[in-house]
Amino acid sequence: MKKAAIVLLIITVFLVWHVTVSGGETIIVYSPMEQYRNDELQKQLDETFPQWDVSIMSMATAKAAAKIGVEGSHTDADIVIDMECAYLERIKDNLEVVSDLSRLDYLDGIGDPEGKYLIWDRQTGAIAVNETVLEKYDLPVPSTYEDLTNPIYKNLIAMPDPKSSGTGYFFYKNLANVWGIHGALDYFDRLAPNIKQFTESGSGPIKLLVQQEVAIGLCLTFQAVDECNNGNDFLILEPEFGSPYSLTGASIVKGKREKPGVEEVFDFIANTFMVYDKEYFSPGQVLKVQENKLDNYPVDFGYADMTGIEDVSQQEQLLELWRY
């Protein structure tokens, strides 16, 4: 009994100390990033801020935006990162001005004029080919979007669903910019018979490629590169009109900046970890000086015409017309 009482006393003292130094509240960060990126961020936050209880909560962009849009400052999130800018635009009224916290030199022309969010990522797309599967069926490597409509690729292509995936949407939006809305819709009508699956998430085609269930995937460039570096027999092709992309951002939820630790944690995420993430995980260029340490990342790919990618009304119109 005496030992139990001592243990209980020690636990009580620790909890009192923890509540005192941390304010008794967890700092919650919503993040749609891949688990390995979230894990690295959590590790660095734990090392940098032992005095704060910081928790990375994995949540898809659309779900996080909807939650914050409804709950406002009463939501449990304090910070959001890697949220597509189109969704950040929708919830702008629920975000703090954070431009004064940025110390990075961004490329000209990207960023929020109102300062409600800082650019986090340029998520670019590529066409990944599993050469093992192509060889199995004795098929040629495609070189254009039109090639993908050839019946020889029936059930051998995967693409993310634009209605549930930002990756799928930016491929769709780019072709709408190039060919017009009706031209893009006609193209996907001809492509659909070759699609084995319109996947719910942007990483879906990569998973199917790794499992050799498809030969070709419209996917995120850095995810395809990562799988190449893990030993998969992938060929990464630049789409004929350049890599489609979307920008993501990071911000503080309105009313949360004064919460103990939030500003300091956001400063670290937006200025220190952001650079690390670009160097090692997602090298799409957003900074004027940006080092790439991800092996085999295609730095020579051009960027596609993504005019209107952040326009919410255009997105709603295109998604309403999507038939798959």
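Tutor: Two strands pair if DSSP finds at least two bridges between them. The model before us is predicted, and its strand S5 (residues 157-160) and strand S7 give a case with 2 bridges, in the parallel sense.

Student: Which residue stands opposite Gly217 of S7 in that pairing?

Tutor: Ala158 stands opposite Gly217. Gly217 is also the bridge partner of Ala128.

Student: In which sense do strand S4 and S7 pair, and over how many bridges?

Tutor: S4 (residues 118-130) and S7 pair in the antiparallel sense, over 5 bridges. Besides the bridge between Ala128 and Gly217, you may find Ile127 opposite Leu218 of S7.

Student: How many bridges join S4 to strand S8, and how do the two strands run?

Tutor: There are 4 bridges between S4 and S8, and the two run antiparallel. Within S8, Leu235 is the bridge partner of Val129. S4 also pairs with strand S9, again in the antiparallel sense, over 6 bridges; there, Asp121 stands opposite Thr248 of S9.

Student: How should I read burial, and why is S7 described as largely enclosed by the rest of the structure?

Tutor: A residue counts as buried when its relative accessible area is under 20%. In S7 (residues 216-220), 5 of the 5 residues are buried, and the strand is therefore largely enclosed by the rest of the structure. S4 is mostly covered, with 13 of its 13 residues buried.

Student: With which residues is Leu45 in contact, apart from its neighbours within four places in sequence?

Tutor: The contacts of Leu45, with those neighbours set aside, are Val54, Ile56, Val265, Phe268 and Ile269.

Student: Against which elements do the buried residues of helix H9 pack?

Tutor: The buried residues of H9 are Thr221, Phe222, Gln223, Ala224, Val225 and Glu227. They pack against H2, S4, H8, S7 and S8. After H9 comes Gly231, which has a positive phi, near 105°.

Student: Let us turn to the spaces in the model. What is the volume of the largest pocket?

Tutor: A pocket is open, whereas a cavity is a space from which the probe cannot get out. The largest pocket has a volume of about 850 Å³. Of its 35 lining residues, Pro32, Glu34, Ser201, Gly202 and Ser203 are the closest to the centre. Among the elements that give two or more residues to this lining are H2 (35-48), H8 (204-210) and H9 (221-229). By residue class, the lining divides into 13 nonpolar, 14 polar and 8 charged.

Student: Which residues are the closest to the centre of the second largest pocket?

Tutor: The second largest pocket holds about 230 Å³ of space. Of the 14 residues that line this pocket, the closest to its centre are Pro283, Gln285, Tyr297, Val299 and Tyr303. The lining comprises 6 nonpolar, 7 polar and 1 charged.

Student: How many cavities of 30 Å³ or more does the structure hold?

Tutor: The structure holds 1 cavity of 30 Å³ or more, and the volume of the largest cavity is about 50 Å³. Its lining consists of Glu84, Cys85, Ala86, Tyr169, Ser246, Leu247, Ile309, Glu310 and Gln315. H4 (85-90) and S9 (245-252) are the elements that give two or more residues to this lining. Those lining residues divide into 5 nonpolar, 2 polar and 2 charged.

Terms used: Residues are numbered from 1 along each chain as its sequence is written. This is a predicted model: local features need pLDDT of at least 70, side-chain atom pairs count only at pLDDT 80 or more; totals for chains, interfaces and linings use all residues. Side-chain values use heavy atoms; hydrogens and water are left out. On a 1 Å grid over the protein atoms alone, a cavity is a set of points where a 1.4 Å probe fits but cannot get out, and a pocket is an open set with protein on both sides within 12 Å along at least five of seven lines; lining residues have an atom within 4 Å of a point. Grid points are joined across faces, edges and corners, and a volume is the space filled by probe spheres set on the points. Ala, Val, Leu, Ile, Met, Phe, Trp, Tyr, Cys and Pro count as nonpolar, Asp, Glu, Lys and Arg as charged, and the others, Gly among them, as polar. Contact means heavy atoms within 4.5 Å. Buried means under 20% relative accessible area, exposed over 50%, partly exposed in between (1.4 Å probe, protein chains only).
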